[in-house]
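Dear colleague,

Please find below the structure that I am handing over to you.

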Amino acid sequence: MMEKSNQYPDFGLTPEQRREAVLGHYYEYPGMDGEGGEIWCYTDAYAYPPGATVRLQVSSTAASFSLEIVRDGATEQSVLKRDGLAARWQETPDQCSVIGCGWETSFEFKVEENWPSGAYRVTLRAEGSDGTPIHCHHLFIVRPIAGRKPGCVLHVAATGSWTSYNTWGGSNHYQGITGPNRDQYATTVSIERPFCRGFVVLPADAPRVPLEIYAPMAVAPRYPHMEWAYANGYSKKYASSGWASYDSHFFRWAERQGYAVDLVSQHELHFNPEILDGYDCVVFVGHDEYWTWEMRDAVDTYVERGGRAARFAGNFMWQTRLEDGGKRQVCYKYRSRAEDPAYRSADPTRTSGSWEAAEIGRPGAATFGLNATRGLYVGWGGCAPRGARGFPVYRPEHWAFAGTGIYYGDILGAEGHAFGYEVDGLDYIIRGGLPEPAEDSGAPKGLEILALGMSSLKEESADIPADDQFLSDADAKFVAETLIGDNGPATVERIKRGSGMIVNFPRGKGEVFHAGSCEWVAALKRGDAMVERVTANVLNHYLNR
Ligand SMILES: [Fe+2]
């Protein structure tokens, strides 16, 4: 399963290209494929109820295209095929990532009443300008009708992160073509644009973020996923977010195991929180970094009333706001105190920054038991590149581990590499060989730490020239400023060591289980039996099976 190699994979790039792959800004934009021609599309929403009309916006150099829609679950089921649909090239505004593409609808269709809730992949095919085939993918969610669903899991796709990482059009919440010099990340991003390449479909051999090799001694870390993206024409962020890298692995696994699973986007948490009430167990997976205040209210209320939330996900980091009925997402992030109007408003709690910032005052731990700022990176760059690949277990007797045969000191999920590349943690102490939340950690009452690994907020290495650092000390400085109020070296030194945990706690009449790692789903994908068993234990317990 895990390669024992200590050789970085070679995707045929020169050293200059490898540097550009990691530090450069490359993205999808209309016209990028030149003579070959292109086809792109998006839908007018992330999720639709049965009976709704889906509007498909298409821009293509070809005059006609074919369409196929496939439900992507335990099996692939084709639900709609059409040929000879008309398309045309549509003008796209320069700042489409921010304001949306604004394309006219090319084709619309109805979500049939017998299409089960789930993820529906849209594939468009056409003839390129030079006669070679061109294609594109998109994805929409069919959400369930509200109502009591005993025995059914509700999976909430991490669509806030999909929006944030989408590189299409040039700007996302990481890099961008906004600002006077067209070099800043966007503080507002639109869902009205295609998904970047690799968010919907990926080849099986696409590298994940955490290093699969044992990094050689005293050599600067490399980034196989970004090198592969650059060499193969995929989004720089394909491995950071999206259905293909994250949510799909849980959804398909759960259906193959025989679980009934309904799927919603985070928009349902925000706009239709009552949808949660029909379920005994709600699940969050993957890289799940961006939430609104209202989404958290939905989960908190659900758990208080007796709901069970299982989060197999990492990086609960930023508060966002939604605008225009959810079509646009706002997150000022590192610039929130300087630029976000909410910070200077009468109610600064809605500032789009870190959940732990004083002006927001709602640490992630209050909902899911862990904070992103007490965790962070492991398994890539100069942040624990040779770190634990699973969760070191401290309380093997917990019900979640039943039947695994795991022991104190074992590493849960090492085989499937479940621990990385961003993890969530808490400040802690270890006494008598058992970790507990530190007194001022903000952990909910009754929280038990079942497993605990190390992570880092800061890339520090004598082997990586400062100019070549990808992660650098930017996050550590931001967290120091956010938590303590200054970002000097002494403060950075205090906060730079993070953790990543599995925790469990009661809340009101309900309960929360949280394995705080983006890569939990990678271990499901790789068939790590122990991770599969723990996941099933949690689902069964919460579904009253
Ligand atoms: Fe993240």
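Three strands form an open sheet with antiparallel pairing, in the order β1-β3-β6. Strands here are DSSP runs of E of at least two residues, helices are runs of H or I of at least four, and both are numbered from the N terminus. Two strands count as paired if DSSP finds at least two bridges between them. The edges are β1 (39-43) and β6 (105-110), each of which pairs on one side only. From one strand to the next, the twist averages 25°; axes are lines fitted to C-alpha atoms, for helices over the stretch in contact, and angles between N-to-C directions run from 0 to 180 degrees. Strand β3 (residues 53-60) is joined to β6 by five bridges, and Val54 has Phe109 in β6 as its bridge partner.

The model is predicted: local features need pLDDT of at least 70 and side-chain atom pairs count only at pLDDT 80 or more, while totals for chains, interfaces and linings use all residues. Residues are numbered from 1 along each chain as its sequence is written, and side-chain values use heavy atoms, without hydrogens and water.

Another open sheet has four strands in the order β10-β16-β15-β13, and its pairing is mixed. Its edge strands are β10 (188-190) and β13 (290-292). Within this sheet, β13 and β15 (residues 318-323) run parallel and share three bridges; Trp291 stands opposite Gln319 in β15. Helix α7 (residues 293-304) lies across β13 and β15, at about 80° to β13.

Helix α1 (residues 15-23) packs against helix α4 (residues 224-232) at an angle of about 105°, with the axes 8 Å apart. The two are therefore roughly perpendicular, a term that covers 65 to 115 degrees. Their contact (heavy atoms within 4.5 Å) involves Gln17, Arg18, Glu20, Ala21 and Val22 of α1, and Met226, Glu227 and Tyr230 of α4.

Finally, the largest nonpolar core has 85 residues, of which Phe312, Leu412, Phe513, Trp520 and Leu539 touch the most other members. Such a core is a set of buried Ala, Val, Leu, Ile, Met, Phe, Trp, Tyr and Cys residues joined through side-chain atoms within 4.5 Å, where buried means under 20% relative accessible area (1.4 Å probe, protein chains only). Beyond its neighbours within four places in sequence, Trp520 contacts residues including Phe312, Phe391 and Leu412. A second, separate core of 35 residues includes Leu276 and Tyr302.

Yours sincerely

Definitions and conventions
Buried means under 20% relative accessible area, exposed over 50%, partly exposed in between (1.4 Å probe, protein chains only). Angles under 35 degrees count as roughly parallel, over 145 as roughly antiparallel, 65 to 115 as roughly perpendicular and the rest as oblique.
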